[in-house]
Amino acid sequence: MTLPDELSARRLLGTGQTITAVAALVVLTTAVALHALTGHGPAPHQYARALVALLTIVYAATLVFRAAMVLGAWNSPVIRVDATHRDDLPPYTVLVPLYREAKVLPTLLERLAHLDYPADRLQILLLVEADDEETRAALPPLTAPFEVVRIPPSTPRTKPKACNIGLARARGEFVVIYDAEDRPDPDQLRKAVLAFDSLPDRVVCVQAELQYWNPWTNWLTRCFAAEYATNFSLLLRGLDRYRMAIPLGGTSNHFRTDALRALGGWDPYNVTEDADLGIRIARRGWDVRMMVSVTEEEANSRLGNWIRQRSRWIKGFMQTWLVHTRHPLRLWRQLGTRRTIAFHLTMGFPTLTTLANPVFWSLTALYLCTGTRHVEALYPPVLLYTGGTTMIIGNFLMIYCMMAGCMERGLFPAVRTMLTIPLYWALMSLAAYKAAAQLLHPSRRHFWELTDHGLVTAPPEARTPTPTNQTTVA
């Protein structure tokens with residue numbers, strides 16, 4: 001079980017990417033210097049104008065693609081499995097990476113103990129860092145199906161490294177990951193087995209839906225819950241419908257164990273190992289499908305905690321995009337034209353727009369306050385009006401998508417909160433700049449920003465509205 005180096009985020013750039021970046025920098029610097037010395041060639045502001053035009057195209061393409069996936073989800077058949085009881089269930093392994101989770105450990109163990117699966121065919125591996133005295137001290141005496149696996153304190157200190165160690169010890173025909181704060185449906189493992197039974201062998205992963213049980217804690221959790229609702233109830237369903245590569249969620253993804261090992265497991269250097277694995281599955285010619293079963297999680301209710309988590313996610317998306325574009329022609333041959341374009345519109349371009357947002361917002365404010373005289377060098381009339389139209393329509397389109405996600409999940413009081421969602425996007429840009437800074441710093445490139453859990457007291461159990469479009473598998 002070895003992951004090829006060319007598919008690992010251990011290095012920031014591949015050889016070809018480094019050569020291309022250096023060559024582009026040399027050509028641009030030479031051209032600017034030539035213009036400054038001789039007056040020949042494009043002026044520097046013309047390069048900036050071309051960059052603005054390119055980013056405007058990227059914005060428009062990203063917005064249209066996302067809206068198309070959301071709208072396509074309405075007619076997407078969702079796999080719904082009736083978890084009928086059967087005696088011939090295969091062995092199943094649950095991986096639970098833990099680090100400084102003593103606060104939520106009692107609730108976690110209780111929920112895992114209530115999974116509706118035969119104990120003699122269940123293996124629950126608690127992956128605990130060897131130097132995490134806090135979590136180890138909070139562990140009560142455990143019996144089967146629980147097993148504690150100590151993770152050696154070696155670099156990189158990441159969740160995927162711990163999961164790979166757990167995968168090497170997995171005895172199950174299928175394997176799933178749950179995080180410390182997860183509240184999966186008790187019958188989710190049974191549903192996953194029946195889903196795999198009904199699907200062709202090329203489907204090596206089924207992803208359950210994630211949602212937050214505390215959307216009403218504050219404004220931040222409302223926005224976060226709406227984002228998850230849009231992503232898991234609409235966007236990923238749209239990707240599923242059109243058979244695009246699906247970036248997996250960080251938990252509740254159920255795998256065929258032999259296929260996961262054949263893929264080389266998770267990349268221990270990628271801090272969004274889930275999204276990366278979804279792309280590698282697609283490149284292998286295999287499929288991921290969405291399954292109707294819910295795992296509830298705790299939404300971050302504190303800004304600093306949210307920024308740490310979101311910057312890690314964005315850094316991982318950057319890593320994943322860079323890794324899979326090291327050999328663009330090979331990526332295109334493996335995914336095909338349609339899915340390659342979708343990969344860029346899902347993993348790479350949204351991050352670029354998140355980084356560019358503060359710049360464009362500042363230029364917009366400057367234009368509104370002073371007119372065109374300070375921005376005309378970057379914005380000829382055609383580009384100015386095109387960019388303005390893209391910004392206005394695009395923002396309304398994304399607000400609509402978020403509202404649609406709220407309606408699909410039954411988060412009706414959060415619909416009006418989506419009118420303030422641009423403030424949430426501003427926070428995402430702040431996290432994106434932090435992510436970019438860490439990515440460029442070698443000692444922080446693979447650093448795993450820990451998310452604190454147990455900040456909010458769990459409410460009584462809540463049920464998820466059943467999607468209207470679904471395929472039932474008996």
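The model is predicted: local features need pLDDT of at least 70, side-chain atom pairs count only at pLDDT 80 or more, and totals for chains, interfaces and linings use all residues. Numbering runs from 1 along each chain as its sequence is written, and side-chain values use heavy atoms, without hydrogens or water.

Start with the largest nonpolar core, which has 74 residues. Such a core is a set of buried Ala, Val, Leu, Ile, Met, Phe, Trp, Tyr and Cys residues joined through side-chain atoms within 4.5 Å. Buried means under 20% relative accessible area (1.4 Å probe, protein chains only). Phe 255, Trp 266, Ile 281 and Tyr 424 have the most contacts inside this core. Helix 7 (residues 219-241) gives the largest share, 12 residues. Helices are DSSP runs (H or I, at least four residues), numbered from the N terminus. Another core, of 35 residues, lies apart and includes Val 176 and Leu 194.

Now find Met 398 in helix 12 (residues 381-409). Met 398 is buried, at 11% relative accessible area. Leaving aside neighbours within four places in sequence, Met 398 is in contact (heavy atoms within 4.5 Å) with Leu 63, Arg 66, Ala 67 and Trp 425.

Which residues lie nearest the centre of the second largest pocket? They are Leu 51, Leu 54, Leu 55, Trp 321 and Leu 352, among 18 lining residues. Helix 11 supplies the largest share of that lining, six residues. A pocket is an open set of points on a 1 Å grid over the protein atoms alone, where a 1.4 Å probe fits, with protein on both sides within 12 Å along at least five of seven lines; lining residues have an atom within 4 Å of a point.

How values were computed. Helices (H or I, at least four residues) and strands (E, at least two) are DSSP runs, numbered from the N terminus. Buried means under 20% relative accessible area, exposed over 50%, partly exposed in between (1.4 Å probe, protein chains only).
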